[in-house]
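The exercises below ask the reader to work from the sequence and the coordinates towards a picture of selected helices, sheets and contacts. Each task is followed by a solution that goes step by step.

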Amino acid sequence: MTTDLISSLETIVGSRFVSGAAEERYLYSMDQGTMPPSEPDAVVLPATTDQVRQIVLLANERKVPVVPMGAGLVLSGLTRALRGGIIVDMKRMNRIIEVNPASRYAVVEGGASQGMLKAYLQKHHPELKHSMPDAPPVATVAGNVCIHGSGHLSVLGGSHSDMLTGMEVVLPSGEIVRTGSCGVSGQWFSRSPLPDLSGLFLGWAGTTGIITRLGIKLFPNYRHNDVLIFVAEDADLMPEMISRLTSVQAAEDMTPWMTPKPDWARGFLHINIAYGAHTKKELTFKRNLLQSSVREYIDRKIAGFLPLPPPQKGRFLKIPSPDLARFADLRRGGGFEYVGAIMAIEHFPKAYRAGLAIAEKHGVAYSLGARIIGAGHCMMFFFAYAFNRADPEDVKRASDALEATNTAALEIGGIPWKAELPAQKQIIEKMDPDTFGLMGRIRSVLDPNHIMNPGNWEK
Amino acid sequence: MEHEEILHRCFRCGYCKLPGNYVDINCPAYLAFGFETYAPAGRMWLLRAWLDQKIEAGQRFAEIMFSCTACGNCVEQCAFPEFRDRLLLAFTAGKEALLEAGIVPPEVRDYLTRIQTHGNAYGKPVKKSAEWALGLDIDPFSDQEYAFFVDDAGAFNPRGQEIARSVALLLKKAGISLGVLQDPLVTDGNDVKAMGETALFEDLAEKNIQVFQARNIRKIITLSPHSFNTLKNDYPAVGGQYQVFHYTQALAFAMKRLAFSAYLPEAVVAFHDPCYLGLHNADYGSARMVLQAVPGIRLTEMDRNRKNALCCGGGGGNFFTDILSGGEDTPARARIREAAAAGAQILAVACPLCAIMLEDAVKAENLDNTLRVQELSEIVTERIDFQAP
């Protein structure tokens with residue numbers, strides 16, 4: 001069966017780009033997180049939308065599972081082939097198709113990386129930028145949009161899925177659909193005013209289709225950029241501080257963080273506030289706005305702005321920052337996973353305390369933080385744990401801590417983001433049954449043979 | 001396996017796949033094949049799995065490991081300080097372990113066998129290693145300041161021989177005192193070492209060192225950046241300590257001695273940084289100094305240049321084993337497309353292996369009518385005014 005499947009896949013993409021070898025099956029069976037491995041039967045690298053379509057048709061004919069994969073950096077095991085089948089690695093489809101500077105959008109292929117888009121814009125449209133996640137630059141634009149990611153323009157533009165302007169998707173049936181304006185006009189400027197079908201593919205963990213192209217919003221790339229770090233000690237004040245800082249609508253990005261290392265940071269709550277401007281005068285104006293918004297706390301001497309020497313500012317302004325990847329080496333063991341929970345801002349204090357308690361209980365190296373999404377509309381609060389992959393006990397500790405964190409996040413009122421399998425089941429338990437029922441019916445309509453990333457979003 | 005204690009520390013973040021400006025994939029093997037297994041992180045995880053007996057090593061495993069061109073992009077771009085310094089060492093150790101286990105791609109086995117048997121990758125008698133210079137107006141080495149070392153590509157490959165002759169004559173024209181070694185020389189061993197055949201490398205190095213010592217050689221100019229790298233960095237540990245220069249370094253400071261024709265058309269030239277001059281030895285200036293000294297040459301840069309340069313795909317022995325060949329996204333073909341996109345009329349190279357790889361690629365890309373791959377000394381020589389005093 002597998003030999004026959006591989007032979008059929010070779011007919012579609014060429015023998016160089018199909019593998020059923022033990023090496024690929026092993027490496028693609030897992031990601032960097034704590035989820036146990038699950039091997040695919042084959043890995044395939046399509047180069048065109050039509051090849052993706054043919055792969056899906058083949059899978060449908062054979063009733064073989066299909067798992068779409070971007071850079072494989074989700075950390076929560078969403079691109080594991082839970083029931084075998086074909087992993088469709090999208091990275092050969094990495095072209096930047098179009099940039100529309102007047103309407104500020106870019107159209108990219110499903111495997112285009114964040115880094116490539118950033119480089120392309122820097123070279124061809126230096127006046128524009130897109131919102132980069134904190135993921136390494138090989139992360140794909142499509143993958144991050146699909147998981148409702150966020151990034152360094154999320155205060156300005158919301159989640160990355162909010163910045164989506166349209167998609168080309170290969171359905172499980174092999175049909176190719178276009179959501180948003182591109183489905184009607186050929187341009188990719190907006191998801192409105194049509195029925196918003198893009199939602200059928202956002203947050204579904206690849207269970208409803210394979211994105212082959214997408215449009216995303218671009219934003220002005222400022223000539224002058226700066227970062228402020230606001231420091232407080234009382235977690236209970238954080239929601240109000242965030243509310244005030246976002247109320248002046250000057251920041252592009254706002255990321256609270258709390259870590260025990262370096263020593264000077266322990267016990268303090270920091271908020272990095274990134275902002276930019278076309279002129280120095282405008283930058284000063286925005287800085288004044290931000291500082292004035294929290295003046296009361298400074299006057300009361302319960303919070304303040306951290307003086308930052310220019311080299312350190314440069315480090316905080318580096319996008320993407322390799323410092324985040326380096327967290328994985330905290331335990332000298334190459335392992336790193338986190339629960340990112342989307343939740344209301346007012347739950348910040350509870351989330352913070354829960355994170356500290358879980359880290360202490362499980363004895364794990366932690367980093368806590370959040371990214372504010374929109375003008376204080378919600379946040380992605382993350383509880384990150386580093387572990388040593390070579391030490392099974394350390395992996396178990398991190399895994400237990402993650403599970404406890406998912407439970408705590410749900411109890412607080414948050415929702416685990418890009419949830420790994422156990423967390424998906426926890427979410428489903430709390431989800432309104434009719435809503436979950438609708439999810440099932442939608443999947444049945446789109447994917448009657450249940451081939452798309454099966455095992456995810458199931459009871 | 002040496003360095004095995006670092007394998008599990010790789011997070012697979014993927015910085016190693018890219019250049020520092022993120023413009024495209026910059027790991028040659030990963031670019032050519034696309035599977036995660038062929039990226040540096042994939043190799044790290046596979047080696048760990050093999051050592052942990054979670055996976056058996058077979059021919060594909062060996063092909064993955066030996067597809068590494070040892071270009072050093074991963075070392076340059078890895079996000080983890082200190083750890084990254086050991087990346088290539090770990091890959092070399094992995095290859096060494098595979099060699100010991102007898103799990104080797106046939107192309108690698110044949111390459112190493114030829115070198116073991118003949119002392120060079122071409123299977124030629126080493127006594128003919130100076131024949132490339134027959135009839136050339138360059139003296140045999142006696143008491144000149146520099147010995148010119150051309151390695152087996154310069155000695156036996158027809159295109160390499162052309163380049164060796166061109167470089168030797170230009171160095172002489174620039175007033176550099178050099179001579180050609182008439183003694184039987186074996187290959188430098190650089191790529192043998194990168195393949196993990198440490199014992200064979202040491203044997204090769206010792207043989208060459210014996211020749212150098214017998215001739216009382218102190219200063220060497222190399223044709224190949226590969227030779228420059230290993231003679232400079234590896235031979236001292238085997239007992240051979242020399243002042244080693246790549247020919248671009250010798251030329252860079254002698255250019256003012258050359259007179260150039262005044263009426264040559266302007267040419268837009270991009271320089272392809274060879275890995276063993278650039279990434280391994282941080283010389284990004286010499287070749288550009290040479291080109292900038294030539295009237296009528298306008299230097300342009302490809303998106304991936306200097307520390308971000310893309311390997312031609314010929315490093316780590318791949319020039320001979322050809323493991324990366326066969327697709328549209330071979331590094332050499334990608335490099336040609338990049339040069340064309342940069343508006344270059346000439347892609348300048350300073351390594352015989354790069355020259356041959358890229359000359360093949362420009363034909364494969366059907367760009368040979370608009371883009372010329374040219375070795376640096378040939379570019380300079382074309383513009384010299386030989387009538388000038």
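Two strands pair if DSSP finds at least two bridges between them; helices (H or I, at least four residues) and strands (E, at least two) are DSSP runs, numbered from the N terminus. The model is predicted, with local features requiring pLDDT of at least 70 and side-chain atom pairs pLDDT 80 or more, while totals for chains, interfaces and linings use all residues. Residues are numbered from 1 along each chain as its sequence is written, and chains are lettered from A and ligands numbered from 1 in the order in which they are written.

**Exercise 1.** Determine the strand order of the eight-stranded open sheet of chain A, and find what packs on the sheet.

Step 1. The order is S15-S12-S14-S13-S17-S18-S16-S19 in chain A, with antiparallel pairing.

Step 2. Strand S15 (303-305) and strand S19 (415-417) of chain A are the edges, since each pairs on one side only.

Step 3. From one strand to the next the twist averages 25 degrees, where axes are lines fitted to C-alpha atoms, for helices over the stretch in contact, and angles run from 0 to 180 degrees between N-to-C directions.

Step 4. Strand S16 (residues 334-343) of chain A runs antiparallel to S19(A) and is joined to it by three bridges; Ala341(A) stands opposite Pro416(A) in S19(A).

Step 5. Helix H12 (residues 348-362) of chain A packs on this sheet, touching S13, S16, S17 and S18 of chain A, and its direction makes about 165 degrees with that of S17(A); contact here requires C-beta atoms, placed from the backbone, within 7 Å.

**Exercise 2.** Describe the five-stranded open sheet of chain A.

Step 1. The strands follow the order S5-S6-S10-S8-S9 in chain A, and the pairing is antiparallel.

Step 2. The edge strands are S5 (96-100) and S9 (176-180) of chain A, and neighbouring strands are turned by 10 degrees against each other on average, direction ignored.

Step 3. Six bridges pair S8 (residues 164-170) with S10 (residues 210-217) of chain A in the antiparallel sense, and Glu168(A) has Arg213(A) in S10(A) as its bridge partner.

Step 4. Helix H3 (residues 49-62) of chain A packs on the sheet by touching S8, S9 and S10 of chain A, at about 50 degrees to the direction of S8(A).

**Exercise 3.** Which residues of H10(B) are buried, and which exposed residues does the face turned away from them carry?

Step 1. Helix H10 of chain B (residues 198-214) has 17 residues and reaches 24 Å from first to last C-alpha, close to the 24 Å expected at 1.5 Å a residue; the expected span is 1.5 Å times one less than the number of residues.

Step 2. A residue is buried if 20 or more other C-beta atoms lie within 10 Å of its own, exposed if 12 or fewer, and partly exposed in between, with C-beta atoms placed from the backbone. Phe201(B), Leu204(B), Ala205(B), Asn208(B), Val211(B) and Phe212(B) are buried in H10(B). These residues lie on the same side of H10(B) because they cover an arc of only 120 degrees around the axis, the arc being that of the directions from the helix axis to the C-beta atoms.

Step 3. The face turned away from the buried side carries the exposed residues Ala199(B), Gln213(B) and Ala214(B).

Step 4. The buried residues of H10(B) pack against helix H9 (190-194) of chain B.

Key. Contact = placed C-beta atoms within 7 Å.
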